Amino acid sequence: MATAAIFSSLRRRRSPSLEAFLAPVDFTDVKLVQTLVLLSTELVSCFSGKSLFFQRKNSRSLVRKIEIFVVLLEYLRDSGAGSALSSTTIVCLKELYLLLYRSKILLDYCVQSSKLWLLLQNHSISGHFHDLNQEISTLLDVFPLDDVDLSEDVREQIDLMQSQSRRRRLFIDKDEEALRLRLFSFLDEFENGRIPSLEELRLFFVEGLGIKDATSCITEIEFLEEQIVCHEGDIEPTASVLNGFVAIARYCRFLLYGFGENEVELQIGNQKKRRKGLIAHEIAETFITIPKDFFCPILLDLMRDPVIISTGQTYDRSSISRWMEEGHCTCPKTGQMLMNTRLVPNRALRNLIVQWCTAHGIPYDPPENTDSSVEAFAATMPSKAAIEANRATATLLINQLANGSQSAKTVAARGTRLLAKTGRENRAFIAEAGAIPYLCELLSSTNSVAQENSVTAILNLSIYDKNKSRIMDENGCLGSIIEVLRLGLTTEARENAAATLFSLSAVHDNKKRIADEEGAVEALAGLLRVGTPRGKKDAVTALFNLSTHTENCVRMIEAGAIAALVGALGNEGVAEEAAGALALIVRQPIGAKAVGGEEMAVAGLIGMMRCGTPRGKENAVAALLELCRSGGQAATEKVLKAPALAGLLQSLLFTGTKRARRKAASLARVFQRFENCPLHFGGLGAGYAFAGNSAANRDPSFVSEVSVPVSISVSVL
């Protein structure tokens, strides 16, 4: 029964009670009997009048046996026989205690699980009921009934239960098994390119499963998706097969239950605060307290792929790999020498992170490449059945987007958003089927939910590279996205519009078009100044992408983006990207002049060198270096007079990353050439000599490096 306990704990995202596995050790005979009476009575009261949709016969048989145990236990309690029990009887009662708790776990599991999941697990759950029956039979065989003075009536009931338990065989309900096989036949039909008829699906979902409305169908879909995430590779059917059933259920949700207003879909924005993380790095910047053990010690971000190094410390794979590639041979946290460079996946921690994110509604962006079979879900290729079912769903959705009522269009926009949430194939055929023009029309909707879902659907579609050009080429679409960014009806709509611009700007030719669109840069700068933590992250990453196009420099200056980026240097969540954008802008004299004219620019970059992340320090020293090179004597003097710069440079020369050391050494040479400032850097010589002797420091090409992850991954909603 441990399997059922594990399933239950994963379903509810908490560990099963220890009482499920440990018998009481400090109870007196009387206390043990009283506890068993309470536990068994509670079980009977909870489940005797409850008719489960599936496993009805197995559950009723188990509850009836527990009812007979109640009779036995109440007799022991009321007759006084429970005060003088033999040691063998006590051992049997303790075993009964465990059996009752395992029964509760299994019955709770059946009550809390969805109908589709119970159907898919029909054989396994029937086996668990049979195992419990066998345990009851074994317990009664060894229970010393003759040592207990039972009444004739109680003894007859016990003997009858013992006889029935011995004869009981594994029972799998024929009707339930027929439904299970029918469900798999639907999967085969989609696999073979045939879409089951409306009547076939109605008979199965409405009549067979009793799923009467859209809300119930959505609950079924969400439960299956939760099982895929929580169980990962350890699941039967496999994640690929389950994804097929999710796709079929989603198709039926729209085919059978229509596009009428639904409280779950139309008012979800007002029901609860949804987690809106589109940029993976933003997760640390939320109002939710994230367990500190989930953060990477290097980047202070939620770990996507935690690995253990030889010192026993855990880091995110990307950050510790970069640390090692830069030539470091010590543990960043402890300073110990690394015995080897092997990275061992911390699967237990990753499972906890996945479960925590699922519990709090936070999208978890799994690593793209892993070497662990546990991460099979992330790499699961969609089955043909799932693709065909999703394609059929897309056809229904787009038809409603084109011809439906306003409420139907809102429901269809949300359906499109969810369908485009995962899978390159889904994003491709949704766009190919013509969804983008209709979604663009909804961007100007006065319905906040319609607007929010449409802009998020466009964001999800934009992740597929070929769709970027489709969105940009759609007449008026870019302008509508920017209008949502400026005047969107909800915070999430404005933030997702910013994230959409970030996604679209990954294509170089789009960067100039976006920057030239009226109000785009101004709106991003405004969001960076006054947005939520997530909004600021979306805005700064979009501005960084735009700053990589040299022709956008003047536009960003005119739109006030420079001042917004300088102000962002004091915000830990976005300072790294802000410094990276400034380092690109100051390469041009006009950009250097604008940045140098900002009163807090140099101070902010100095602060980054002092307290920033390793990557942030690289960007800050690179920005100061480029400011000196492109800003002329006035800018160089301003940087030169910054307090504590000498000590910070010396620190970077010894302890910074490889890139940071090169940039710091180059900046030191700039200062050495500055004739009137020899005293400022009296303590810099040793460090400069240390860094300056390397061949890397004589390579002038390094000045163009800016260390910000341009390919920051976008999580979908």
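Leaving aside its neighbours within four places in sequence, which residues is Ser 454 in contact with? Contact here means heavy atoms within 4.5 Å, and by that rule Ser 454 touches Ala 413, Leu 439, Leu 442 and Leu 443. Before we go further, a word on what you're looking at. This is a predicted model, where local features need pLDDT of at least 70 and side-chain atom pairs count only at pLDDT 80 or more, while totals for chains, interfaces and linings use all residues. Residues are numbered from 1 along each chain as its sequence is written, and side-chain values use heavy atoms, with hydrogens and water left out.

Back to Ser 454. You'll find Ser 454 in helix 21, which covers residues 448–462. Helices (H or I, at least four residues) and strands (E, at least two) are DSSP runs, numbered from the N terminus. Ser 454 is also buried, with a relative accessible area of 0%. Buried means under 20% relative accessible area, exposed means over 50%, and partly exposed is in between, using a 1.4 Å probe and protein chains only.

Now zoom out. The protein chain has 36 helices and 3 strands. Of its 717 residues, 55% are buried. Take the contacts in the chain with a separation of 6 or more: 74% of them come from residues 24 or more positions apart.

Next, the cysteines. The structure holds 1 disulfide, meaning a pair of cysteine sulfur atoms within 2.5 Å. The partners are Cys 440 and Cys 477, with an S to S distance of 2.5 Å. Cys 440 sits in helix 20 (residues 435–442) and Cys 477 in helix 23 (residues 477–487), so the bond ties together parts that are 37 residues apart in sequence. The torsion about the S-S bond is about -65°, so this disulfide is left-handed. Both ends are tucked away: Cys 440 is buried at 9% relative accessible area, and Cys 477 is buried at 0%.

One more cysteine is worth a look. Cys 296 lies in the loop between helix 13 (268–271) and strand 1 (306–308), and is buried with a relative accessible area of 1%. Leaving aside neighbours within four places in sequence, Cys 296 is in contact with Asp 301, Met 303, Tyr 315, Asp 316 and Ser 319. Ile 320 is 24 residues from Cys 296 along the chain, and their C-alpha atoms are separated by 9.1 Å.

Finally, look at how two helices meet. Helix 32 (residues 601–611) and helix 34 (residues 645–655) pack at an angle of about 40°, with their axes 10 Å apart. Axes are lines fitted to C-alpha atoms, for helices over the stretch in contact, and angles run from 0 to 180 degrees between N-to-C directions. That makes helix 32 oblique to helix 34; under 35 degrees counts as roughly parallel, over 145 as roughly antiparallel, 65 to 115 as roughly perpendicular and the rest as oblique. The residues making the contact are Ile 606, Met 609 and Arg 610 of helix 32, and Leu 645, Leu 648, Leu 649 and Leu 652 of helix 34.
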